[in-house]
Amino acid sequence: MDIVSHLLIFAGAIAAIWFFAGLIVTSIDRVASRFRSSGFIVAFFLLGFLTSLGEISVALNAVLEGVPQVSAGNLVGASFVLLLFVVPFLAVSAGKIKMNRLFDGWRLGYVLMIIALPALFLTDGALSPREGIASILFLVSLLWVIKKQGVPSAAKEEVAAENKRLPFFDIGKVAVSAVVIFLAGNLLVTEAVFFANLFNTPQSLMGMILLSIGTNIPEIAIAVRAVVQKRSEVALGNYLGSAVMNTAIFGVVGIVSGPFIVDRSEFFISALFVIVGFTLFYMFIRSKDVLSRGEGMLLLGVYGLFLLTHVYNLVRGTV
């Protein structure tokens with residue numbers, strides 16, 4: 001099979017994930033869009049999980065095929081894409097994004113720290129089961145923080161009432177879409193390994209650059225829809241939830257497949273960008289509980305520099 005055929009298969013798999021993840025998101029987003037104060041919370045938990053199906057599929061297939069490095073790179077890159085590309089894009093397009101009070105102050109910093117864990121754990125060039133367990137424990141502590149903060153009882157009742165009215169047709173769409181996304185993820189992993197071998201680059205780097213954008217197509221679609229519908233709060237809840245879910249998947253991959261080796265230099269660079277980017281993200285939102293258009297543009301610049309740095313290293317490694 002020639003390179004064009006591999007590119008077509010890769011593009012087809014991404015298109016399948018985009019379309020069927022869109023079906024899943026539409027079913028849940030129809031519920032979340034009816035909420036007011038609880039919209040952020042529903043998006044954080046439900047949309048955050050469902051829009052991570054692409055990453056979950058890649059992780060499962062990478063573990064089954066014995067290339068967990070692909071998934072590790074994908075998860076680091078996916079969280080970076082979410083918080084330093086998609087969210088800033090939403091802020092620039094919508095003018096600003098307001099942070100929900102559920103993650104005000106130090107809680108937002110704690111969430112960002114958990115999202116940054118995969119990049120930080122890989123700076124030594126390896127992932128061990130111990131680090132996987134640590135990732136899961138931090139997530140459990142986050143659930144405790146959210147529970148301690150509390151969710152308004154009215155929001156809980158509203159969520160329960162809406163879920164009772166979910167049609168079985170939507171449940172069927174979720175089940176079928178999940179199967180298709182899993183199969184498409186298998187193709188993505190296979191093609192990522194092919195291109196990594198073709199260009200003589202680390203499999204983890206291919207996952208961080210190439211797959212991270214492809215598996216976040218559903219989130220990018222949500223960003224566009226949120227700008228049109230002026231539902232930026234729900235979209236932001238989805239992105240934080242999806243990024244946190246990436247850490248959960250990372251923890252499972254570490255426990256099941258660790259220890260394994262990754263390219264240390266690339267992840268050391270990524271960790272530096274994560275620290276700078278997430279610190280700016282926290283400072284901007286912490287100052288006035290919003291992310292402005294100008295601040296979004298600055299974060300987009302950080303992501304652009306991150307991408308250029310890795311692309312340069314990728315090209316340099318092939319010449």
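User: Where does L112 sit?
Analyst: L112 is in helix α5, residues 106–121. Helices here are DSSP runs of H or I with at least four residues, strands are E runs of at least two, and both are numbered from the N terminus. This is a predicted model: local features need pLDDT of at least 70, side-chain atom pairs count only at pLDDT 80 or more, and totals for chains, interfaces and linings use all residues. Residues are numbered from 1 along each chain as its sequence is written, and side-chain values use heavy atoms, with hydrogens and water left out.

User: Is L112 buried or exposed?
Analyst: Its relative accessible area is 4%, so L112 is buried. Buried means under 20% relative accessible area, exposed over 50%, and partly exposed in between, with a 1.4 Å probe and protein chains only.

User: What is L112 in contact with?
Analyst: Leaving aside neighbours within four places in sequence, L112 is in contact with L83, F278, F281 and Y282. Contact means heavy atoms within 4.5 Å. L112 and A243 are 8.9 Å apart in space, C-alpha to C-alpha, and 131 residues apart in sequence.

User: Ok, F278 and F281. Which residues of α12 are buried?
Analyst: Both of those are on the list. The buried set in α12 is E266, F267, S270, A271, F273, V274, G277, F278, F281, F284 and I285.

User: How far does α12 reach?
Analyst: α12 covers residues 264–288, 25 residues in total. It reaches 37 Å from first C-alpha to last, close to the 36 Å expected. The expected span is 1.5 Å times one less than the number of residues.

User: What follows α12?
Analyst: D289, and its phi is positive, near 60°.

User: Back to packing. At what angle do α4 and α12 pack?
Analyst: About 30°, with axes 11 Å apart. Axes are lines fitted to C-alpha atoms, for helices over the stretch in contact, and angles run from 0 to 180 degrees between N-to-C directions. So α4 is roughly parallel to α12. Under 35 degrees counts as roughly parallel, over 145 as roughly antiparallel, 65 to 115 as roughly perpendicular, and the rest as oblique.

User: Which residues meet there?
Analyst: From α4, A72, G73, V76, S79, F80, L83, L84 and V87. From α12, F267, S270, F273, V274, G277, F278 and F281. By class, that contact has eleven nonpolar, four polar and no charged residues. Ala, Val, Leu, Ile, Met, Phe, Trp, Tyr, Cys and Pro count as nonpolar, Asp, Glu, Lys and Arg as charged, and the others, Gly among them, as polar.

User: And α3 with α4, what angle?
Analyst: About 160°, with axes 7 Å apart. That makes α3 roughly antiparallel to α4. The contact uses E55, V58, A59 and A62 of α3, and P68, V70, S71, N74, L75 and A78 of α4. The class count is seven nonpolar, two polar and one charged.

User: Switching to A11. Which helix is A11 in?
Analyst: A11 is in helix α1, residues 3–32. At 42% relative accessibility, A11 counts as partly exposed. A11 and G214 are 8.7 Å apart, C-alpha to C-alpha, but 203 residues apart in sequence.

User: Last one. How many helices and strands in the chain?
Analyst: 13 helices and four strands. Of the 319 residues, 52% count as buried.
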